[in-house]
Amino acid sequence: MVSPKIAVIGAGINGVSSALAIQEKIPNAEVTIISEKFSPNTTSDVAAGLIEPYLCDDDVNKIIRWTKATIHRIQEYMAEGNDGAEEMSGYWIQSVKEVPKWLEVMKNVNVLSEQEMKQIAKRPEHKFGVFYSTWYLEPTPYIKWETEKFLKNGGRIVQRKVENIRELDKDFDVIVNCSGLGSKKLVGDNGIYPTRGQIIKVSCPKVKHFFLDDQYYALLNDSTITLGGTKDQHQWDVTVNPKLAQKIFEGNCVNVPSLRSARILSHHVDLRPSRATVRLEIDSKLGKLVHNYGHGGSGITLHWGCALECAALVEQLVAKRAKL
Ligand SMILES: Cc1cc2nc3c(=O)[nH]c(=O)nc-3n(C[C@H](O)[C@H](O)[C@H](O)COP(=O)(O)OP(=O)(O)OC[C@H]3O[C@@H](n4cnc5c(N)ncnc54)[C@H](O)[C@@H]3O)c2cc1C
Ligand SMILES: O=C(O)C(=O)Cc1ccccc1
């Protein structure tokens with residue numbers, strides 16, 4: 001049978017993961033990643049890598065399914081001794097009590113007692129808290145690992161900005177759109193918008209737990225801590241705001257006083273591809289097009305579950321075309 005030719009637009013975590021999942025699902029497929037930017041210059045590379053749904057309002061059972069698949073994927077990645085992934089424990093301190101259903105995928109979940117809260121709380125609005133273990137997955141080394149597997153499987157890479165999806169029609173049997181915020185222009189989706197996030201990467205080896213509250217977060221990675229975080233909807237400005245950086249640093253130092261001795265390494269801003277729900281579907285109007293974008297603040301968390309489902313949709317289209 002003639003090998004199906006698949007184009008994947010986008011080389012962030014969702015594009016590369018979808019391309020790899022398609023190769024694994026359809027071994028004779030010829031998959032090409034076409035992207036304007038590549039790691040380490042995508043939004044995915046700025047992500048703190050915390051495995052936790054955030055700024056994503058999808059159906060919680062879908063979120064749980066996708067997150068579980070990602071956690072399983074992280075175990076595989078860790079089992080090879082790769083850098084940039086590890087289990088981490090810490091505190092989510094809240095002003096309004098929240099114990100979301102997706103906490104069931106985390107480990108060692110413990111709602112803090114009044115006594116424990118007295119020890120942990122740093123602000124008057126710190127009223128409730130949960131301790132749990134989750135994972136982090138640093139996007140840049142992970143995307144590199146995935147890209148190497150993709151190329152080893154015979155995948156191709158083309159650096160190019162796609163102005164109109166139709167330009168790919170003649171050369172590909174199925175097109176997958178993983179363009180993130182680029183979908184606003186590429187497929188005219190007015191439901192997707194930026195949620196600006198500013199972060200600071202610091203070195204502070206003595207901090208061993210993550211700490212997040214309603215405004216700030218300190219999240220562990222292999223050798224750095226990511227301090228956040230802002231979430232400004234419909235803000236497109238990606239220049240670092242020094243005043244905001246100071247507020248993020250000071251705010252995190254109140255929560256985690258040890259951070260006062262942190263060494264500041266770098267500042268970053270990027271735009272979360274926000275949408276009411278993740279768009280993961282076959283495009284009913286354009287037929288041979290599968291969408292996988294709009295993951296908000298959860299693209300790392302959801303990526304492998306979404307990639308597997310994206311590959312299943314592509315397989316459906318390939319099977320349909322084979323019958324024609
Ligand atoms: C500060 C910050 C912290 C975050 N922390 C976390 C976290 O801890 N955990 C978590 O789960 N998520 C986190 N996120 C969210 C996460 O980064 C995103 O959800 C995720 O990166 C989206 O991945 P993506 O592959 O869909 O999009 P992107 O990474 O934006 O990739 C889109 C790709 O499409 C390409 N593209 C776009 N348009 C075109 C076009 N027309 N032609 C060709 N190529 C095109 C781009 O060049 C790029 O390669 C964070 C986000 C921010 C901003
Ligand atoms: O900043 C983001 O987009 C994140 O996803 C990091 C995060 C995740 C969960 C709670 C707080 C911050």
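Modeller: Let's go with Arg272, which touches Tyr54, Leu55, Tyr193, Pro194, Thr195, Arg196, Gly197, Tyr217, Thr230, Lys231, Gly296 and Gly297, leaving out residues up to four places away in sequence. Touching, or contact, means heavy atoms within 4.5 Å. Keep in mind that this is a predicted model: local features need pLDDT of at least 70 and side-chain atom pairs count only at pLDDT 80 or more, while totals for chains, interfaces and linings use all residues. As for bookkeeping, residues are numbered from 1 along each chain as its sequence is written, chains are lettered from A and ligands numbered from 1 in the order in which they are written, and side-chain values use heavy atoms, with hydrogens and water left out.

Arg272 sits in strand β13, residues 263-274. Strands (E, at least two residues) and helices (H or I, at least four) are DSSP runs numbered from the N terminus. With a relative accessibility of 11%, Arg272 counts as buried. Buried means under 20% relative accessible area, exposed means over 50%, and partly exposed is in between, using a 1.4 Å probe and protein chains only. A polar atom of the Arg272 side chain also lies 3.3 Å from the backbone oxygen of Arg196. That's a polar contact: a pair of N or O atoms within 3.5 Å, where within protein one must be able to donate a hydrogen and the other to accept it, and residues adjacent in sequence count only if both atoms are side-chain atoms.

Now for one of its partners. Tyr217 is in strand β10, residues 217-220, and is buried at 13%. Among the residues Tyr217 touches are Phe211, Leu227, Asn252 and Arg272. UniProt, in an unreviewed entry, lists Tyr217, Arg272 and Gly297 under "binding site". UniProt positions use the numbering here, feature names are shortened, and annotations may be inferred rather than shown by experiment.

What surrounds ligand 2? The shell is Leu50, Glu52, Tyr54, Tyr217, Leu219, Arg272 and Gly297, where being near means having a heavy atom within 4 Å. By class, that shell has four nonpolar, one polar and two charged residues. Here Ala, Val, Leu, Ile, Met, Phe, Trp, Tyr, Cys and Pro count as nonpolar, Asp, Glu, Lys and Arg as charged, and the others, Gly among them, as polar. The residues from that UniProt list turn up again in the contacts. A polar side-chain atom of Tyr217 is 2.7 Å from an oxygen of ligand 2, and an N or O atom in the Arg272 side chain is 2.6 Å from a ligand 2 oxygen. For Gly297, a polar backbone atom lies 2.8 Å from an oxygen of ligand 2. On its own ligand 2 exposes 320 Å², and the protein buries 88% of that. These areas come from the Shrake-Rupley method with a 1.4 Å probe; for residues, only the protein chains shown count as cover.

Alone, ligand 1 exposes 1000 Å², of which the protein buries 94%. Around ligand 1 there are 36 residues, the closest being Ser44, Leu50, Val162, Gly296 and Thr301. That shell has 13 nonpolar, 17 polar and six charged residues. At least two residues of it come from each of α1 (13-25), α2 (43-46), β8 (193-203), β13 and α8 (299-323).

Ser298 is in the loop between β15 (289-293) and α8, and at 1% relative accessibility it's buried. Away from its sequence neighbours up to four places off, Ser298 touches Glu52, Pro53, Tyr54 and Cys56. A polar atom of its side chain is 2.6 Å from the backbone nitrogen of Tyr54, and Tyr54 is on the list of residues touching Arg272.
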